[in-house]
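Please look through the structure shown below.

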Amino acid sequence: MPQAHRDKTFSLWAKILYPAIFIQLVGWYLGLFWIGADKDQGEVFRIMFVHVPVAWCAFVWILAAAVFAIIGFVRKSVFEQMDQNTHAAIDLGTVFGALALATGSIWGRPTWGVWWDWDPRLTTTLVMFLICCAYHVLRSFTPDVQARRNAGQIVAILAAVNVPIVYFSVNIWRSVHQPQTFVRKGGSASPDIGLVLLVNTLAMLLLSFVIFKIRRVAVATEETLEAAREGRNQA
Amino acid sequence: MSAAQLWRRNCWLVFEYSVRSVFLRKASWAGTLAFAACLAILFPFAFGTELIQKAEIRHGAFWAINEFVVALTVARLFTVETEGGILEYFLSTQVNRSAILFGKILFVVLYLLSIQLPLLLMWIVFYNVPGNVLLSLGSTLLPLLVLFNLGTGTIGALLACVTARSTARDILMPLLFYPLQMSILLAAVSLATMSDPGIVMLAGTSNESWWTAMLGVPVLFLAVGVLLSNVLFQE
């Protein structure tokens, strides 16, 4: 991608970032002030409007990273671009994974009485986050560019293998984490909670997509800079 | 010779070469066993010599020792071939890449089993495992060990290839290996504990999901390994 095109793309998505943040703020406003307190959990349940969307974003971006990696392996002509997409997607997966763990822990303290429990959902989410961290370590410590791209793409696929395990862990194993409240039939949540949660999830997905586009440009620019530095050192 | 026959022959060649290398360098096998023995001695002091007699701790310690043994083995999986230049020779020929991977996985399964059998004797002696526990474990332990080795061996072989060109291989291998194989460890400990007659299991605990994990993980990672074998093994 030429630098001028990158600059243009960056400026465009940087402008879209502000409306995306605004939509997210509206979603949080609805979650904080429009919805009434939960009869069991009281005010604490409102963290759900942050926790569930960030967890979904983590799943989506880690799965997207694997899809990019597979496309890159299948279509060699776009391998480099797909590797950059994978890199940006895993960056987001890592950040949202960390946020999901942090918000889950904050929610867990008043509801379960502990910050952390070795529950299947929590443990598998931590595993998913650690694999994302390993992806970054791998990229940092593999000097050969082609080897780095190959290894990174494989780790991205391995990280995605874990996503269905995280998602279905509450159904497969006995767990303190609540099962899927909105997906399964006969869920006990009220429709207005479901609606606000949907708004927040869509807003967070939109925001994460805008961040992805900006990060994608940054990844490409970093790689150009790195190649230029290497060229200068060799010269 | 048909493609399937050639594949089997290549696979057997890699396996045979690996076995012969270990046979020639007996110190490597003995060293791994000594390492396992050190861990078997270390755990009672870490947990307390009385607590280690408890059934849950006893089983956990056995599988944790196995875990470290696997990590040590897979970290050195291609060392002999790399040092002797054999891997480059294999890769420069028409040998099917998935045959190399399968040959190596087969070798890991049997190599680990050869360490685990004497380790099992140590465990029985050092941890005072009662006769009735051994009898009830009898039918479960061997398939459990084989599936554990297959799962961890597959993940380990994949990661050994992924991290081969990294400068921080010693950091990356455990960082990727331990999170990815966590479900196998969890399943192995749970199934072994469930077979122990001294433990009263809680209602609703089923061993079917654990067997699914024990079987599913190797199948999943073998499939990923076969699909990506050409990328994993590059000259």
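The largest cavity of this predicted model holds about 190 Å³ of space. A cavity is a set of points, on a 1 Å grid over the protein atoms alone, where a 1.4 Å probe fits but cannot get out; the points are joined across faces, edges and corners, and the volume is the space filled by probe spheres set on them.

Which residues lie nearest the centre of the largest cavity? They are A:Thr124, A:Asn162, A:Ile165, B:Met182 and B:Ser183, out of 16 lining residues, where lining means having an atom within 4 Å of a point. Both chains contribute elements that give two or more residues to this lining: helices H4 (120-140) and H5 (145-172) of chain A, and helices H8 (169-180), H9 (182-195) and H10 (208-227) of chain B. Helices here are DSSP runs of H or I with at least four residues, strands are runs of E with at least two, and both are numbered from the N terminus. H4(A) supplies the largest share of the lining, 4 residues. By type, the lining has 12 nonpolar residues, 4 polar ones and no charged ones. In this count Ala, Val, Leu, Ile, Met, Phe, Trp, Tyr, Cys and Pro are nonpolar, Asp, Glu, Lys and Arg are charged, and the others, Gly among them, are polar.

Next come the nonpolar cores. A nonpolar core is a set of buried Ala, Val, Leu, Ile, Met, Phe, Trp, Tyr and Cys residues joined through side-chain atoms within 4.5 Å. Buried means under 20% relative accessible area, exposed over 50%, and partly exposed in between, with a 1.4 Å probe and protein chains only. The largest core has 126 residues, and B:Trp63, B:Ile65, B:Tyr127 and B:Met214 touch the most other members. A second, separate core has 9 residues, including A:Ile35, A:Phe45, A:Ile47 and A:Trp107. Leaving out residues up to four places away in sequence, B:Ile65 touches B:Ala36, B:Leu39, B:Ala40, B:Phe43, B:Leu119 and B:Tyr127; contact means heavy atoms within 4.5 Å.

Chain A has 6 helices and 0 strands. Of its 235 residues, 47% count as buried. Among its contacts between residues at least 6 apart in sequence, 77% join residues at least 24 apart.

A:Ala100, in helix H3 (residues 79-112) of chain A, is one residue to look up. Its relative accessible area is 7%, so A:Ala100 counts as buried. Beyond four places in sequence, A:Ala100 contacts A:His51, A:Val54 and A:Ala55. The C-alpha atoms of A:Ala100 and A:Val52 are 7.6 Å apart, although 48 residues separate the two along the chain. A:Thr201 sits in helix H6 (residues 191-234) of chain A and is buried at 13% relative accessibility.

In chain B, B:Asn128 belongs to the loop between helix H6 (97-126) and helix H7 (131-162). Its phi is near 45°, a positive value in a residue other than glycine. B:Asn128 is partly exposed, at 48% relative accessibility.

Residues are numbered from 1 along each chain as its sequence is written, and chains are lettered from A and ligands numbered from 1 in the order in which they are written. Local features need pLDDT of at least 70 and side-chain atom pairs pLDDT 80 or more, while totals for chains, interfaces and linings use all residues; side-chain values use heavy atoms, with hydrogens and water left out.

Note on methods. 1 Å grid on protein atoms, 1.4 Å probe; cavity = no way out; pocket = protein on both sides within 12 Å on 5 of 7 lines; lining within 4 Å.
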